[in-house]
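Subject: Structure handover

Hi,

Here is the structure for you to look at. My notes on it follow below.

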Amino acid sequence: MPDFMSLSEDRLAGLRERFDAREANRIAMNAVTDSGIDKVARNFDRARSLQRRFSTTVDNGKVTSQARSGRCWLFSSLNVARFVAKKNLGVKDFEFSQSYAMYYDKLERVNYFMQDVAALVAAGESEDSRLVQHLLHDVMGDGGQWTMALNVYTKYGAVPKDLFPETASSQNTGQMNVNLRHVLRRAVARLYEGADAAATIEETLAAAHRILTIHLGTPPTSFDWEWTDDEGGFHRVGEITPVEFWNRYVDAGLEDYVCLVDDPRAEHPKRRKIAIEHLGNVVGGAPTEYLNVPVDFMKDCARRIMEEQGIPVWFGADCHPMMDRTNGAWATDLFEYDRVYDADFDMDKEERVRFADSAMNHAMAFVGVDVADDGKTTRRWRVENSWGDKIADKGYFTMSDDWFSEFVYEVAVPKSYLPKEYQDALTQPAIPLPAWDPMGALAK
């Protein structure tokens, strides 16, 4: 066993002496205690050089707001879909109901979780195993992935927001999620006590359905659809189901997209699929799998989609490092924390993933890119966020290209954009990663 040293008074005195010996420490303390670290560390020269001009821009109108919820993956995927729908409808303003999508995601996730855990119990998995404890701890959050979103839209379609609007609980999901967790954890306890699995699953599903409906309302199974386009033309379709609505107006083939990831760890080779065990939402839906590729290939696909097809691109990133939330900017050198603290923060992408310093935690959509004169080298990116229009450039952020390299982990692209060797890789079995692997982090 190592011989640990206590934090003695002599060691504390030494730390104080080292702090006082550097005059810049006291200047930093005075500034940070008054103004906060981000205002003091903000790199003024870098901030003013990060321009908001782009060689290609996709105009998606007014940004949306996920409020106090972790639904960014639904907002961002529906932001891609609404761009397509707006073109088909001939309107500039349109929004899908994110609450409708969340309702069915959570209901399906209850069924997925219960059947998954029931199978583990039947196989003899201990209740205090790392896997079961991880699943119990992580259950019924708001986060998700591109594939999970498309599972919901494929099965349940989508509806206009005014037909299933936001509620107090959709905008602030905390207490609803707490109560859903109680129901699910109680059910798992009963399974370990020997309760009948089928009966317990049905009882739990019914309870979850009641909770969701009480908090969010009863989602429509069909509706009368009519609208006025921006030229003043009136259109009446009549009764339509949510699935029919999705299929008619979101005709961009999003269901055939592939989720690319940049897993930087050396033991996970590029051009191979990876899959996260026990991660999903719809029983019988598409599995949560990714194709591991170089980050430059992800950039090239995102650029091409916007230039060639003119539609937004869904992506997932670690949004927190080097983020100026107020002004809407990301760059790897946007804050000089190392200079303020006189501390070394240098880690590469692989180290950050391996040692729990970074993982994908937020999903957004690219709606612009600036490309150098060679037509391929990307310089900066325009991002549609889902944090409302009171920050950044009316809710739109600017991302430097180097920040993309370091902190973007996923991009959803059409399968047709993949070269043959990547398409062949999709037919091969995925490398299974455990449920707690950082590449299984969910966007919130």
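Which residues of helix α7 (residues 130-138) are buried? They are L131, V132, L135 and L136. Buried means under 20% relative accessible area, exposed over 50%, and partly exposed in between (1.4 Å probe, protein chains only). Helices (H or I, at least four residues) and strands (E, at least two) are DSSP runs, numbered from the N terminus.

Some ground rules. This is a predicted model, where local features need pLDDT of at least 70 and side-chain atom pairs count only at pLDDT 80 or more, while totals for chains, interfaces and linings use all residues. Residues are numbered from 1 along each chain as its sequence is written, and side-chain values use heavy atoms, with hydrogens and water left out.

**Helix α7**

An α-helix has 3.6 residues a turn, so residues three or four places apart point the same way. The face turned away from the buried side carries exposed R130 and H137. Among the elements covering the buried residues are α6 (98-122) and α10 (174-192). After α7 comes M140, with a positive phi near 60 degrees.

**Strand β12**

β12 spans residues 396-400, and five of its five residues are buried. Both faces are covered. Y396, T398 and S400 sit on one side, F397 and M399 on the other. Strand β9 (residues 329-330) pairs with β12 in the parallel sense, over two bridges. Pairing requires that DSSP finds at least two bridges between the strands. W330 has M399 as its bridge partner in β12. Strand β11 (residues 378-384) runs antiparallel to β12, joined to β12 by five bridges. There, E384 is bridged to Y396.

**E406**

E406 is in helix α16 (residues 401-407). Is E406 buried or partly exposed? Partly exposed, at a relative accessible area of 25%. Leaving aside neighbours within four places in sequence, E406 is in contact (heavy atoms within 4.5 Å) with T332, D348, K349 and R352. The side chains of E406 and R352 are joined by a polar contact of 2.4 Å. A polar contact is a pair of N or O atoms within 3.5 Å; within protein, one must be able to donate a hydrogen and the other to accept it, and residues adjacent in sequence count only if both atoms are side-chain atoms. E406 and L50 are 356 residues apart along the chain, and their C-alpha atoms are separated by 17 Å.

Best wishes
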